Amino acid sequence: MPRRTRFATILPALFLLAGAATAQVPAPGVASLSGDGVGCLRGAAEVEIALLACAADCAPIPWQLDERDGDGRWALDQGPEPNLDDPPGIVDDNDELVWMAADGGRRATRDELPVGECVVEVEVRRGEQATWVYAVRTSGAAPRSPRRYVTYDPAADRVEGERVAVGFGAPTPRYLAVRGPGAAFGPNLLDRLKVRAHARFLGFIPLGRDEDDIEYAFSAWRAGPVRVLRREYQWVRLASWLRTPVFETETLMTRDAMTLPVRLRLNFPPTYFFAGIEVQAVLDFRDLRGWQVAADGRPAVRVGDAAAARLDGTRSDWVAMRGADATLTLELVRGPSLATLVPTIVYRDAGEPAPPEGVPGEAPAIGYRLTEWSDVDRGTHWFAAVARALPPDADLAAFARERDQPITVSARQLTTP
């Protein structure tokens, strides 16, 4: 395995925007509490902690402890190159307690909670709405919820959530299936995630790279009941004798969302050497006939119609695809230092689905292009692609409002052990 490097050089940073470290981007719908804010739970073993939410009664909800090692990387305990926290399974300051925000309940009275134990009350707020969960340290094995929101099959390199299954086995995802009414997954809808970048070196020499230039090695994973974390190493083949340094990338997958965060460092402003920079990330679908597509604030139109083709070039931060069993959304989240980039929708429709052997058909291809790099300076930057799987009748206007409301978490200790 080539040595991991901390930051990208300017060539791969511009051509594939593949950073060497994961940006800290909140996963949609997930609430988390850092280990340095858990009070009397610090130093507790994971097996001793229960997370409770109250409705008619107070009962355990699914949660997991996601740990970081001494370098601040996620501690992933499975795979060919696992890295463990020291000590493992103990709540440290840089660890996170993670659960689905929707699992929170009403505020409990003190007599509903365990007596004489370490109890931390956690308030989860989104906009004007608040829910509560209670983290309890027990003297033995804590009760656990039997529910599990995600599963991971390492042999197939595939994650299954509530509505979709996503598969890798390549530098970019190559599998996406939607769960039907009988709970079985339908056919693979995705040929691949295409990554295309173009620029002119010194203003006149055309250069470009795509996903076929990426090589990778699977590294490690961790699967809890709430989310799966998956790590791989990537490098870009620039010539038969030349490749970039090795980059570490991590993907977070939950019950109904996938987050692909990227952090990159530029040693020079990108336009110092390059002009006409354009980066595209596009989902190449095999067959979305019968689906509808909608962009930010615009009415849904049928895939294949002329109105859908007019979405190409539309400026928008998100796009949605509505099918019979799910609504899929794709959102581009930019860090403050990349706010001046202009995201526009890419929509291409070849008019024919891919044949069974999987030849790319772009039926259709939907994604983003990023332009206007002139105001981006050197330094560290981040962005993330966030894909969600919503109900087929999801209110997209409500989705647009909720995506702008961050989840905030605050905790207070109720007892002193």
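Which handedness does the link of cysteine 54 and cysteine 58 have, and what is the angle about the S-S bond? The link is right-handed, with 100° about that bond.

The structure is a predicted model, in which local features need pLDDT of at least 70 and side-chain atom pairs count only at pLDDT 80 or more, while totals for chains, interfaces and linings use all residues. Residues are numbered from 1 along each chain as its sequence is written, and side-chain values use heavy atoms, with hydrogens and water left out.

**Overall architecture**

The chain contains 3 helices and 27 strands; these are DSSP runs numbered from the N terminus, helices being H or I of at least four residues and strands E of at least two. Of the 417 residues in the chain, 52% are buried, where buried denotes under 20% relative accessible area, exposed over 50%, and partly exposed in between (1.4 Å probe, protein chains only). Among contacts (heavy atoms within 4.5 Å) with a separation of 6 or more, 69% are between residues 24 or more positions apart. The accessible surface of the chain is about 18100 Å², and carbon and sulfur atoms contribute 52% of this surface; the areas come from the Shrake-Rupley method with a 1.4 Å probe, and for residues only the protein chains shown count as cover.

**Disulfides**

A disulfide is taken as a pair of cysteine sulfur atoms within 2.5 Å, and by this rule there are 2 disulfides.

| Pair | S to S distance | Angle about the S-S bond |
|---|---|---|
| Cysteine 40 and cysteine 118 | 1.9 Å | 85°, right-handed |
| Cysteine 54 and cysteine 58 | 2.0 Å | 100°, right-handed |

With the bonded cysteines numbered in sequence order, the pairing is 1-4, 2-3.

**The surroundings of serine 316**

Serine 316 occupies the loop between helix H2 (306-309) and strand E22 (318-322). Serine 316 has a relative accessible area of 3% and therefore counts as buried. A polar atom of the serine 316 side chain lies 2.7 Å from the backbone oxygen of tryptophan 318. Apart from neighbours within four places in sequence, serine 316 is in contact with Ala295, Asp296, Pro343, Ile345 and Tyr368.

Terms used. Polar contact = N/O pair within 3.5 Å; in protein donor to acceptor, adjacent residues only side chain to side chain.
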